[in-house]
Amino acid sequence: MVESRERRFYWFKWVLVLYIVSFTAIFFSLVPLFFGYHLTVQENNELASTIPQKSLVIAKQFHQQPLKEGTIILLSTSSAREMTTIHRIEKITDQHQYIINIGTKDIPVLEPIAKKDILATYAYHLPFIGEVIELSKEYTVTIFAVCVLLYLYTYTWEEKEM
């Protein structure tokens, strides 16, 4: 009886281990939030030379320090929903306006931005972690529910005697 219960518990243990490992990775990648950093996932491939697509980008808060051309910044795109985009400052005008490229490398579309729209400046990135975080956020509740059900099923199912 104990031996068959251990066999049934075998897969549950591995699912639980994978869940714990992914939760730990997510937790440690989100630690910068506690220290005032901004996190976002690199969606487009425009900054591919420096930041791979689906990387988790960590940016420090912008405290009105002077910016230079080429600085990577996070911008607020919508006030209703906290969305950010990553851009590079292409040019700084005499009026202290920042010009960014919202187009592609082949077809540039330059647009001025206000200093108030800059949320943060680039600090570092974790390659390909963004994809894991997006998948985990999407399926965390499902994985947790399956783990709980497997746990309950394993300990409540009794062997039938022959």
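The protein chain of this predicted model exposes about 11,600 Å². Carbon and sulfur atoms supply 62% of that area. Accessible areas come from the Shrake-Rupley method with a 1.4 Å probe, and for residues only the protein chains shown count as cover. Buried residues (under 20% relative accessible area, 1.4 Å probe, protein chains only) make up 27% of the 162 residues.

Residues are numbered from 1 along each chain as its sequence is written, and side-chain values use heavy atoms, with hydrogens and water left out. In this predicted model, local features need pLDDT of at least 70 and side-chain atom pairs count only at pLDDT 80 or more, while totals for chains, interfaces and linings use all residues.

The protein chain has two helices and seven strands. Helices (H or I, at least four residues) and strands (E, at least two) are DSSP runs, numbered from the N terminus. The order from the N terminus is α-β-β-β-β-β-β-β-α. A contact means heavy atoms within 4.5 Å. Of the contacts with a separation of 6 or more, 54% join residues 24 or more positions apart.

Confidence is given by pLDDT, the predictor's confidence in each residue, from 0 to 100. The mean pLDDT of the protein chain is 76. A value of 70 or more is reached by 81% of the residues. Among the elements, β7 has the highest mean pLDDT, 86. The lowest, 72, belongs to α1. Where pLDDT is low, the predicted coordinates should not be read in detail.

Leucine 18 lies in helix α1, which spans residues 2-29. Its relative accessibility is 59%, so leucine 18 counts as exposed (over 50%). Leucine 18 and isoleucine 143 are 125 residues apart in sequence. In space, their C-alpha atoms are 9.9 Å apart.

Two loop residues were examined for backbone phi. Lysine 54 is not a glycine, yet its phi is positive, at about 70 degrees. Lysine 54 sits in the loop between β1 (38-41) and β2 (56-61). Lysine 54 counts as partly exposed because its relative accessibility is 23%; this class lies between the buried and exposed cut-offs.

Phenylalanine 128 also has a positive phi, near 65 degrees, and is a residue other than glycine. The loop that holds phenylalanine 128 runs between β7 (118-126) and α2 (129-156). With a relative accessible area of 52%, phenylalanine 128 is exposed.
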